[in-house]
Amino acid sequence: MANVTQNRPLSPHLQIYKLIPTMVMSIVHRITGAALYFGTLLVVWWLIAAATGQAYFEWVNWFMGTIIGRLILLGYTWALLHHMLGGFRHFMWDLGYGFEKSFSTKLAKATLVGSLCLTVLVWAIGLAIRL
């Protein structure tokens, strides 16, 4: 019996591929999806604190108001918005649009820029309402 595995090409791996915007945004989409699980636990923590009592709720609100808490909330906001825009991009692909290389690259870059701009907008509105 012949050894057919020796004639097969090796499977490429990440060290061979050149990183392109669509690849990076796909990876970031998966990472933000995983980060949203952590963020959802923060929302649950906040809701449990609200149901537990005023003292614990005030402590959770105090923690979220610290620099660490705000950085966590900022990251959660960006992850949520980036994942949402990436989901729209994937939905468009599911419908059969946007597969052209140049358009796909522009869309990947727009996802990153759009998520950053929307995060700034959400935080600006939130801070304006708070003041």
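Colleague: Where is Thr32 found, is Thr32 buried or exposed, and what does Thr32 touch?

Modeller: Happy to, and please keep in mind that this is a predicted model. Thr32 is found in helix H1, which covers residues 21–52. With a relative accessible area of 2%, Thr32 counts as buried, because the cut-off for that is under 20%. Its side chain has two polar partners to look at. The side chain of Thr32 reaches the backbone oxygen of His29 at 2.9 Å, and it also makes a polar contact with the side chain of His83, at 3.1 Å. Leaving aside residues up to four places away in sequence, Thr32 touches Trp78, Ala79, His82 and His83.

Now to the helix as a whole. The 32 residues of H1 should span 46 Å at 1.5 Å a residue, and the end C-alpha atoms of H1 are 45 Å apart, which agrees. An α-helix has 3.6 residues a turn, so residues three or four places apart point the same way.

H2 and H3 pack at an angle of about 80 degrees, with their axes 4 Å apart, which means H2 is roughly perpendicular to H3. Phe63, Met64 and Gly65 of H2 make this contact with Ile67, Ile68, Gly69, Arg70 and Leu73 of H3. Those residues divide into five nonpolar, two polar and one charged.

Technical notes. Residues numbered from 1 in each chain as written. Predicted model: local features only at pLDDT ≥ 70, side-chain atom pairs only at ≥ 80, totals over all residues. Heavy atoms only, no water. Helix = DSSP H or I, 4+ residues; strand = E, 2+ residues; numbered from the N terminus. Buried < 20%, exposed > 50% of the residue type's maximum accessible area, 1.4 Å probe, protein only. Polar contact = N/O pair within 3.5 Å; in protein donor to acceptor, adjacent residues only side chain to side chain. Contact = heavy atoms within 4.5 Å. Expected span 1.5 Å × (residues − 1). Axes fitted to C-alpha atoms, helices over the stretch in contact; angles between N-to-C directions. Parallel < 35°, antiparallel > 145°, perpendicular 65-115°, else oblique. Nonpolar A, V, L, I, M, F, W, Y, C, P; charged D, E, K, R; others polar.
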